[in-house]
Amino acid sequence: EMPRAWWKESSVYQIYTPSFKDSNGDGIGDLRGVIDKLDYIQNLGVDIVWLNPVFKSPQVDMGYDISDYVDIHPPYGTAADVDELTEALHQRGMKLVMDLVVNHTSDQHPWFQESRSSPTSEYRDWYIWKKPKFDKDGQRQPPNNWVSYFGGSAWEYDEASGEYYLHLFAKEQPDLNWETPAVREAVEKIMRYWLDKGIDGFRMDVINFISKDLDFPDAPISNPDSIWQNGAQYYACGPRLHEFLQDIGKILKEYDAFSVGEMPEVNDSDEILKAVGFDRGELSMIFHFELMGLDHGAGGKFTPREWKVSELKSIVSKWQTVMHENNGWNALYLENHDQPRTVSRFAVDHPQYRALSAKLLATFLGFQSGTVFIYQGQELGMANVPHDWTIDRYRDIETLNHWQELQVTKQDQSALHAATLAEYRSKSRDNARTPIQWDDSTHAGFSTGVPWIPVHEDYPAWNAAAQLADQGSVYHFWARVLQLRKQYPDIFVYGSFELVSSDDSEIFAYARHSSAGTSLVVLNFEPREASWTMPQNLFAGRGSEVVLSNYSRGKVSTVAGESITLAPLEAFV
Ligand code: TEU
Ligand code: CA
């Protein structure tokens, strides 16, 4: 029997504050805006709100570069606003989860300022400093060939001391040195500060990067076009990760706190199970990235790759089965602030098919075993940026650095530039960061001022006000998904998973089994009719009913061998 837990039966709504709701007309979403929209969030049926970082930050990477872990970025509001939000959520029986970004800080954080001030500073070892290497021509080189996620070497040279510091992300995001006990104590203090204030847990940014291989070896060449290579095998799930996570787990346990770790680069389930096994004392659940890589080509994220529904089937069924059999737990997500919109990515965002697609994907995700995460706007079926977006509209450091590098290394290649812009329109992180479309008024009702990033032009047709008024909308469909999870936890939360359509077709069917009953989810990922044959008698001797459909399918024959004609992008449970 799978052990029960409140966080297994919960669903999470992720809020990217700058793009959610602007309350004072400066064009930037804020905490007051979040507080004003709590009815909207609660009525969706979620239990937990996760806020992306709202702490003091120079905003080189939208708040993932923190310069003060206890103060709030002034445009977002004040510490008192966080208190008010926490209390308002608690009054509604809901919880608040904040982002804990402790693999790195901002270079403006006083710890780094101290660390950089001198090799003899007592903070020197709080970060990762190394002497240069010299090549055969006597040229100074970084300590190794690791690439940074935002381009170039992962090492930045400091003239004053003649040493390099490590930054896996921007050079303004130096990596903390978790080998130093004082760093771990400082993190514990931050965690306790917020938990004592009453928040209910953390989402932990790139938490599997905190323990590095102390030899800092060169990475093997995986990208022949670059001198800088992905070194993940030397820092993702490194030697002391689980020791560090056990320390974190002890603190979380004291508060019965929620935890979800972000774990890119690692798809090895044995390794992941060490972090999320129920009796391991580490984390409740993690975000793996196996689905997120489906459309990333050999030349990296901004190169194309064709993917097949059969790949989706095997990845989903791997994680569903592994977690169930080994007492782990899944974090179920398709969207977040780093990923494109899924109606555009995994289905069809054309107006004719958009709502069907959003409902198909809600059905796909919402009945799997795990804790469901909905990213703001996903409940409205928001889409990727329009096809006329030029580079000046983008704000994201990853996209802009990539573009910059392309200008330097591959000049005068207009075809390449056009292809790359098309890649941004399908994969840039800014696809998820356009403002929430509240209504059909100016700036989609997001702000009375000029939004910090353009509003998507489709807002007159795709907005929250219209969807709240329409019982058949994507918003109400999602609400029904979450309601069904609450109504049938034995099946939808705790039941086992069976892939029913393991074939190569575009139809994804899965069953959930429990002593309380069985459910069957059938999804046609193609925008055309398809015929599907029920492979087994899942409901033999028992009746069945359709509890959810993105058309108006009233019933379905569940006799083995019988064929059903599925409508384009049809989904039913
Ligand atoms: O992201 C970590 C990460 O590895 C990716 O999601 C990455 O941002 C993306 O794939 C680049 O292609 C986390 C945060 O979610 C992200 O917003 C931050 O930029 C990053 O860490 C650094 O803190
Ligand atoms: Ca504002």
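How does the radius of gyration of the protein chain agree with that of a compact globule of 573 residues? A compact globule with 573 residues would be near 25 Å, and the protein chain has 24 Å, which agrees. Here the radius is taken over C-alpha atoms, and the globule rule is 2.2 Å times the number of residues to the power 0.38.

Welcome to a predicted model, where local features need pLDDT of at least 70, side-chain atom pairs count only at pLDDT 80 or more, and totals for chains, interfaces and linings use all residues. Residues are numbered from 1 along each chain as its sequence is written, while chains are lettered from A and ligands numbered from 1 in the order in which they are written.

Figure 1. Along the principal axes, the C-alpha atoms fill a box of roughly 75 × 55 × 50 Å. The chain holds 15 helices and 21 strands; these are DSSP runs numbered from the N terminus, with helices (H or I) of at least four residues and strands (E) of at least two. Its domain assignment, automatic or from a database, gives domain 1 (11-104 + 181-392 + 430-478), domain 2 (110-166) and domain 3 (496-572). Between the C-alpha centres of domain 2 and domain 3 the distance is 56 Å. Buried residues make up 47% of the 573, where buried means 20 or more other C-beta atoms within 10 Å of the residue's own, exposed means 12 or fewer, partly exposed lies in between, and C-beta atoms are placed from the backbone.

**Figure 2. The shell around ligand 1.** Which residues come nearest to ligand 1? Of the 13 residues around the ligand, they are Asp61, Tyr64, Phe169, Pro264 and Asp338; a residue is near if its C-beta atom, placed from the backbone, lies within 6 Å. The shell has six nonpolar, one polar and six charged residues. In this scheme Ala, Val, Leu, Ile, Met, Phe, Trp, Tyr, Cys and Pro count as nonpolar, Asp, Glu, Lys and Arg as charged, and the others, Gly among them, as polar.

**Figure 3. An open sheet of eight strands.** The strands follow the order β13-β12-β11-β5-β2-β1-β15-β14, with parallel pairing. At the edges are β13 (285-287) and β14 (331-332), each pairing on one side only. Two strands pair if DSSP finds at least two bridges between them. Look inside the sheet for β11 (residues 201-204), which is joined to β12 (residues 258-262) by four bridges. There, glycine 201 stands opposite phenylalanine 258 in β12.

**Figure 4. Strand β17 and its partners.** Is β17 (residues 507-514) mostly covered or mostly open? Six of its eight residues are buried, so to speak mostly covered. Strand β16 (residues 496-499) runs antiparallel to β17, with four bridges joining them, and phenylalanine 497 has arginine 512 as its bridge partner. With β18 (residues 517-524), β17 pairs in the antiparallel sense over eight bridges. One of the bridges links isoleucine 507 with asparagine 524 in β18. Together β17 and β18 form a hairpin with two residues between them.

**Figure 5. Two loop residues with positive phi.** Glutamine 59, in the loop between β3 (55-56) and β4 (68-72), has phi near 65°. Leucine 569, in the loop between β20 (563-566) and β21 (571-572), has phi near 55°. Glutamine 59 is partly exposed, with 18 other C-beta atoms within 10 Å, whereas leucine 569 is buried, with 24.
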